[in-house]
Amino acid sequence: MNSNPVDRISTYQVIMFLANFILGAGILTLPRTLTEKVGTPDAWIGIIMSGLFIILIALLIVRLCKKFPNESFYQFSQKLVGKWLGIIISMVIIIYYICLSAFEVRSMAETTMLYLLQGTPTWAVMMPFLWIGLYLVIGGINSIARMLEIIFPITVLCFLLVIFLGIGIFEIDNLRPVLGMGIKPVIKGLTTTSLSFAGFEIMLVIYMFMKEKKNASKAAIFGIGIPLVFYTITVISVVGSFSVTGVVSQTWPVLTFVRSYEITGLFFERFDSILLVIWIMQIFATFIVSFFAAAIGMAQIFNKKSFHPFLFAIIPIIYLVAMIPEDINGVFKMGDLLGNFSFYTFGALTIFLLFVSFVKEKVNGKM
Amino acid sequence: MKRWRSKFNQEQEQNTPNHTTSSDKNLSGNLTYDLQVIKKEIGHNSDVKFREFQLGETTVQVAVIFIDGLCDIELIQTHIMGGLMLGLTSLATKQQLEDDIERQSERLSKYIKNQSLSVCTLKEVHTIEEIKMGTLFGSICLLVDGLSECFLLGEASTKSRGIDEPDSEALVRGPRVGFVENLCDNTALLRRSGRNQNLSILGFEVGEVSKKELVIAYIQGIAEPQLIEEVKKRIKRIKIDAVPDSGYIEQLIEDNYLSPFPQVQSTERPDRVMSALMEGRVALILDGSPFALIVPVTFQMLLQSPEDYYERWIAATLIRMLRFVASFISLFAPSLYIAFISFHQGLIPTKLVFHIAVTRGGVPFPPLIEALIMEVSIEVLREAGLRLPKPIGQSLGIVGGLIIGEAAVEAGIVSSIMVIVVAVTAISSFTLPQYNVGIALRMLRFISMLFASVFGLYGVVLFSLLLCSHVVKLKSFGVPYLSPSAPFRFADWKDFIIRGPLFLMKRRPKTLQSKNSVREK
């Protein structure tokens with residue numbers, strides 16, 4: 001598919017893409033999964049470290065993409081490692097994105113059914129969500145970018161508001177001693193933290209749509225930096241309020257955190273409804289990006305100009321995959337799987353492809 | 001409507017071959033013969049008058065054809081007939097004229113045109129069809145024996161109402177001027193309020209059967225040329241038989257006819273049009289309609305009122321924010337009520353929950369039905385209030401609101417909290433300065449109520465996502481509807497939710513990509 005000259009996104013919109021895609025389902029369970037692995041209250045240090053590491057990998061991705069300014073990953077992978085290997089890699093990535101979309105939808109459905117709509121069947125919760133996503137993505141990358149521009153400030157504001165209102169139950173002692181057990185536990189938790197940054201690789205797909213490609217590195221840094229700050233604040237607040245033992249005993253620690261403080265006298269006594277509303281919108285943002293990535297991938301592999309038929313084809317697949325996990329534990333397992341896959345695969349893939357591109361340049365240069 | 005129109009086009013095409021024979025005829029030059037043809041075509045109309053006389057002291061016959069009521073009788077009597085009957089001899093002797101007439105009728109035509117008719121507007125036509133159109137549209141037709149051309153003089157002059165403040169857009173502070181039905185008066189108002197030498201006004205004709213003049217106004221150098229071309233292209237695409245009001249034009253040039261949101265703004269105020277033109281937008285004014293259209297439209301314009309700019313900035317900012325909150329309330333209040341009452345009782349503050357449980361105890365209907373009953377009643381009252389004469393309309397509003405609501409609560413049909421919610425919603429919707437936005441929000445309110453009744457708070461979220469998705473995809477003449485929030489242009493935010501102080505507003509909106517971006521120049 002040739003890049004349609006109309007479909008161009010600005011640097012700010014690329015930052016939105018990255019930030020929104022990364023801030024997905026992971027945030028609600030992040031404090032727990034992290035503290036479980038690390039065991040000490042130093043999880044927030046682990047986040048900062050892995051965040052910086054991920055930024056590095058993202059800059060490598062930008063480097064790789066700069067060699068192929070008008071093609072997305074699906075197209076230039078074929079150029080670098082040959083047609084068939086490239087197609088196989090792209091298919092794997094597409095399946096990953098489909099599974100990621102399914103995971104997002106399913107975890108959103110689970111939370112909604114748990115907290116908001118106890119009696120509604122899963123399919124009734126998921127289907128309107130999927131259809132609205134379809135309606136938006138048909139409009140192309142510009143519609144998605146604009147939608148993210150709207151969703152992001154709302155979610156950021158409300159989220160920060162909700163977190164900071166909990167300052168009443170925050171106890172700094174729960175975070176101490178800092179690095180009491182040394183740096184080793186933090187390193188142990190690095191992989192888990194990196195998993196929460198899954199989504200940094202979307203630059204591989206959207207680089208070709210950028211209007212000002214020279215700002216790509218800046219966009220990558222900000223795009224990952226914003227979720228980094230977010231996660232740090234969240235983990236600090238939640239672990240600080242519950243302490244390590246408290247956090248690991250909660251399934252959804254962030255929700256419990258929001259529910260545990262009460263502001264009497266204001267219109268809402270409990271703020272978790274706001275948080276859930278915001279969170280559903282944020283999941284929607286993540287869902288549409290991964291949905292778009294999958295559909296565009298298929299369109300580019302099959303060399304079709306328009307990705308609309310693939311959108312319609314992928315939606316039932318997403319639904320079926322989303323129904324695979326039987327309960328919430330299955331969903332978490334799926335999330336872990338996807339996170340692992342994303343980190344290792346994309347990290348390795350980028351380095352591998354970059355290496356191949358260097359080799360090719362050398363070879364071509366010599367010849 | 002589309003099918004009806006194409007059928008009509010087919011019929012028209014079948015009909016026109018019959019008319020080409022007589023109407024496309026040229027004037028023969030022989031006055032009696034021409035008059036006969038014309039009388040056959042339009043003489044059956046009772047208001048078409050014919051007056052024959054002679055040219056000065058010569059024997060040349062002249063005829064004047066006009067529509068009584070549309071033409072300025074003064075013009076005919078003093079300038080045309082007076083000029084030809086009396087003034088001609090003061091310019092040339094009778095003998096000279098007769099020589100001219102016999103030898104070169106071209107000189108005579110020049111004579112009449114340039115030296116004897118003291119009339120502003122003059123047009124030469126040659127075919128019967130043009131004479132028909134000219135006369136029936138208000139011009140005066142002058143036929144001279146021996147000349148194969150006919151002169152159309154003057155234009156329709158109608159009586160128009162005085163320039164008043166429009167009722168639908170009354171302001172507390174601001175000029176009390178509104179457009180009228182006459183196109184010339186409207187463009188004059190625009191020129192006077194603009195006083196800009198770059199204000200360009202281009203004329204088009206719309207309507208196949210019943211033609212009207214449509215004018216586009218823009219400021220050369222500020223409006224983007226691409227936008228102007230797009231507007232012209234869309235106007236030329238209009239194929240309809242008659243255009244009674246600018247509402248038709250709006251519907252025929254808008255981008256997306258399925259969207260509830262207006263993509264063209266209509267206004268009766270020249271100051272609104274003028275400030276829009278200064279931002280780089282284009283205005284369309286139709287003859288016969290006091291509503292001017294402004295394109296392109298972005299979402300921020302719908303919640304703005306010219307009053308925001310005439311007041312000082314702090315007050316204007318607060319009032320604007322109030323309008324935003326009010327539009328949010330008017331869209332979501334009933335659906336949030338339904339969602340919380342039906343699904344999420346635990347999320348309502350405890351004291352309020354007890355109260356609501358008590359008041360809703362006797363109500364037989366589920367919250368959705370209750371809400372629908374009240375909302376539909378309010379809509380019915382509102383429509384009824386529009387048709388009634390003013391004094392009754394006001395009191396019906398109060399009667400309907402208080403007494404009927406009170407009675408409904410007593411009867412146990414609705415709960416009192418529902419009445420409050422509906423009343424707050426209705427009042428909030430009145431704060432919106434534009435009528436068509438109010439309608440859009442009213443429609444959407446019902447859909448959001450349905451979503452809320454099926455899915456609760458999740459439904460409200462879904463609905464807002466759906467609405468956002470729709471608005472995000474909407475474009476008005478190439479400008480994304482949600483500028484400046486998406487795509488994000490920080491520079492334009494000083495006029496979006498807040499209204500920045502005037503000295504900060506030095507640049508024209510970036511969303512319109514105007515070449516001339518600094519205002520002070």
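Guide: Two residues are in contact if their C-beta atoms, placed from the backbone, lie within 7 Å. This is a predicted model, in which local features need pLDDT of at least 70 and side-chain atom pairs count only at pLDDT 80 or more, while totals for chains, interfaces and linings use all residues. Residues are numbered from 1 along each chain as its sequence is written, and chains are lettered from A and ligands numbered from 1 in the order in which they are written.

Visitor: How many residues of chain B are in contact with chain A?

Guide: By that definition, 23 residues of chain B are in contact with 25 residues of chain A. Helix α18 (residues 435-473) of chain B gives the largest share of the chain B side, 12 residues, where a helix is a DSSP run of H or I with at least four residues, numbered from the N terminus.

Visitor: What makes a set of residues a nonpolar core?

Guide: The members are buried Ala, Val, Leu, Ile, Met, Phe, Trp, Tyr and Cys residues joined through C-beta atoms within 7 Å, and buried means that 20 or more other C-beta atoms lie within 10 Å of a residue's own. The largest such core has 201 residues, and Ile288(A) is among those with the most contacts inside it. Helix α13 (residues 272-301) of chain A gives the largest share of this core, 19 residues.

Visitor: Why is this core said to lie between domain 2 and domain 3 of chain B?

Guide: Because domain 2 (183-297) and domain 3 (311-480) of chain B both give residues to this core, it lies between them; the domain bounds come from an automatic or database domain assignment. A second, separate core has 28 residues, including Val60(B) and Cys71(B).

Key
Buried ≥ 20, exposed ≤ 12 C-beta atoms within 10 Å, placed from the backbone. Helix = DSSP H or I, 4+ residues; strand = E, 2+ residues; numbered from the N terminus.
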